[in-house]
Amino acid sequence: MSAIFDVAGVTKSFGGLTVNRDVSMRFAAGDRVALIGPNGAGKTTFVNLVTGQLVPDAGRIVLAGDDITRLDTVARVTRGLVRTFQVTRLFADMTPADHVVMTILRRMGNATRILARFGGDSAANDEAYEILDALGLGDAMRRKVGEIAYGQQRLVELAIALAHRPKVLLLDEPAAGVASSDVPRIERALERLPPTLAVLMIDHDMDLVMRFAKRVAVLVAGELVFDGAPADVARDAKVREAYLGSYGHASRDA
Amino acid sequence: MTMRHPPLSDAALGIWPAYRRDVYGILVVFAASIAGYFMFPDSLALLTRIVSIALLVLSLDLVVGFCGVATLGHAALYGIGAYAAGIVCLRAGITDPFLLVTIGAGAGAGAGLVMGAVLLRTHGLPQLVLSIAFVQLVQEGANKASAYTGGSDGLAGMMPAPIFGMFAFDLWGRSAYLFAIFLLVVVLAILAVVARSPFAMLCRGAKEDPVRVEALGVSIRPVLLRMYAISGAIAGVGGALGMLATQVVGLDGVSFELSANSLVMLALGGVGSLYGALGGTVAFMMVEHMVAAINPFHWMTVIGGLMIGVVLVAPRGLAGGLDDLQRRMFGRNSETRR
């Protein structure tokens, strides 16, 4: 199967410390991949390399056949590589509808128009309404983001991501900080992501990961030690060692 | 197109709902300005100067209030507009007031692009320091280039033609003031459109969280540079108006002091609000005018006291304070609640 997104042998060092060593991951359209790993494994660096905040020391990143290794964040987003943020980054004084309309206008190439009325494009408005309504934000979409619940703000992050119509979506802990009663709403939204979209989720929450992912990758001390089926991840010796240390062997013996 | 869902915003309802408040606002400003013409016939020179400075403060609001740029050098753009119009009037024999204002706007826009390109390399305190350096350099440049600018003596002797060939810029300043009102209304109308554009939304976003805007797929610098050019054009209009009204251009027009005062006026009126910028200018200059007449040495003390009072009572400036007051008097409504 041809890869829509290919991260090939990416390495990044800060001074003498190699934070990502020869990390390779391939994504096909429709993939649902979770990247997990203990604290300090280099997940954040990997996210920054993929989204263009950092440039790798070695390796290539290819999106839909184009080498994007040296492109900045903006160029990657416009090519269809979109992320959500671990901590919501929204404009407190604007409404969810404003955020989504702005994103749609960007996609249409109209976001920087000066002689136009923001909110006056009915096609953009209709699409924004559809996206927000499908995520259950019908009541909140006209209120300022600063006033709505955190769980709803997380859904706004997803709504923005969908408005981009991305090829590859990177979800950075989509349920982080959300009250456990609201997590099912996020999960339902994740289940309804477009089937052709390749999704990489970075998360600690193993319940969420196991329900969402069809494939799990494990990053330990900057190296990818596992990339395979969720069912196999807990049986993998390297993963057990990384998470449980020598106790991993003890529990297997028990 | 039929709407199958509730409107997402007032702007979605059509042109009139989107711009209704701006139309009312501009009508109020127009009516108040005309009232000033009849109420203070002996102070038209002061009123014209207020409008001229108000254009500077409006232009400052575009970069400070909309884009979050920290600047104490914005008068550079005002002064460059004034000098450009003045020099062209003296040397090229261009005397048509509309053309001179256009030249002032063009010079201000060009200077805005340069200043923006310098200031947008950094932000926060270094940006503030750069802005001061910029205005000082421009002022020193104007001082040294005395062959063109008249140096510390300033530029004088401009003879702008009458407006439409009929209304001369005379000693009473009637034509100048009416011309000023015209420019103010035109600028406010343009800014009303700009302020409700997708472009302005991006600027507001970039002010709050540049990383988020880049993640939306928009490069910030070109957007902010464009706003700087627009801002420069409006400051340049203000400068050219000052030149036409007084027929003098001096180094004080490109000074740090004027830059700092315009920032105080903006803070007084309310950052991010066009009508706040206007109100702040009027309040500041009225107080300056009255108190300076009583005690020419200590008027700054009164301005200082006024500033402290505003910060304590209405931290969002006069416009923000009025907003809060209205909300307290007429109850809360969910659309505008903060």
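Strand E3 of chain A and strand E8 (residues 198-202) of chain A run parallel and are joined by four bridges; helices (H or I, at least four residues) and strands (E, at least two) are DSSP runs, numbered from the N terminus, and two strands pair if DSSP finds at least two bridges between them. The model is predicted, with local features requiring pLDDT of at least 70 and side-chain atom pairs pLDDT 80 or more, while totals for chains, interfaces and linings use all residues. Residues are numbered from 1 along each chain as its sequence is written, chains are lettered from A and ligands numbered from 1 in the order in which they are written, and side-chain values use heavy atoms, without hydrogens and water.

Five of the five residues of E3(A), which covers residues 32-36, are buried, so the strand is largely enclosed by the rest of the structure; buried means under 20% relative accessible area, exposed over 50%, and partly exposed in between (1.4 Å probe, protein chains only). Arg32(A), Ala34(A) and Ile36(A) point one way from the strand, whereas Val33(A) and Leu35(A) point the other way.

A further sheet of chain A is open and has four strands in the order E2-E1-E4-E5, with antiparallel pairing. Its edge strands, each pairing on one side only, are E2 (17-27) and E5 (66-67). Strand E1 (residues 5-14) and strand E4 (residues 58-63) of chain A are antiparallel and share five bridges, and Phe5(A) stands opposite Leu63(A) in E4(A).

Two residues of chain A were noted for their backbone angle. Most residues other than glycine have a negative phi. Ala64(A), which is not a glycine, has a positive phi of about 50 degrees; Ala64(A) is in the loop between E4 and E5 and is partly exposed at 40% relative accessibility. Arg165(A) also has a positive phi of about 50 degrees without being a glycine. Arg165(A) is placed in the loop between helix H5 (150-163) and strand E7 (168-172) of chain A, and its relative accessibility of 55% makes it exposed.

Taken as a whole, chain A has 10 helices and 10 strands. Its radius of gyration is 19 Å, close to the 18 Å given by the globule rule for 254 residues, so chain A is as compact as a globular protein of that length; the radius is taken over C-alpha atoms, and the rule is 2.2 Å times the number of residues to the power 0.38. The C-alpha trace of chain A spans about 65 × 40 × 35 Å along its principal axes. Of the 254 residues of chain A, 54% are buried.

In chain B, helix H2 (residues 44-66) contains Arg49(B), which is partly exposed at 44% relative accessibility. Arg49(B) and Gly124(B) are separated by 75 residues in sequence and by 31 Å in space, C-alpha to C-alpha. Ser59(B) is also in helix H2 of chain B and is buried, with a relative accessible area of 0%. Apart from neighbours within four places in sequence, Ser59(B) is in contact (heavy atoms within 4.5 Å) with His74(B), Ser231(B), Ile234(B) and Ala235(B).
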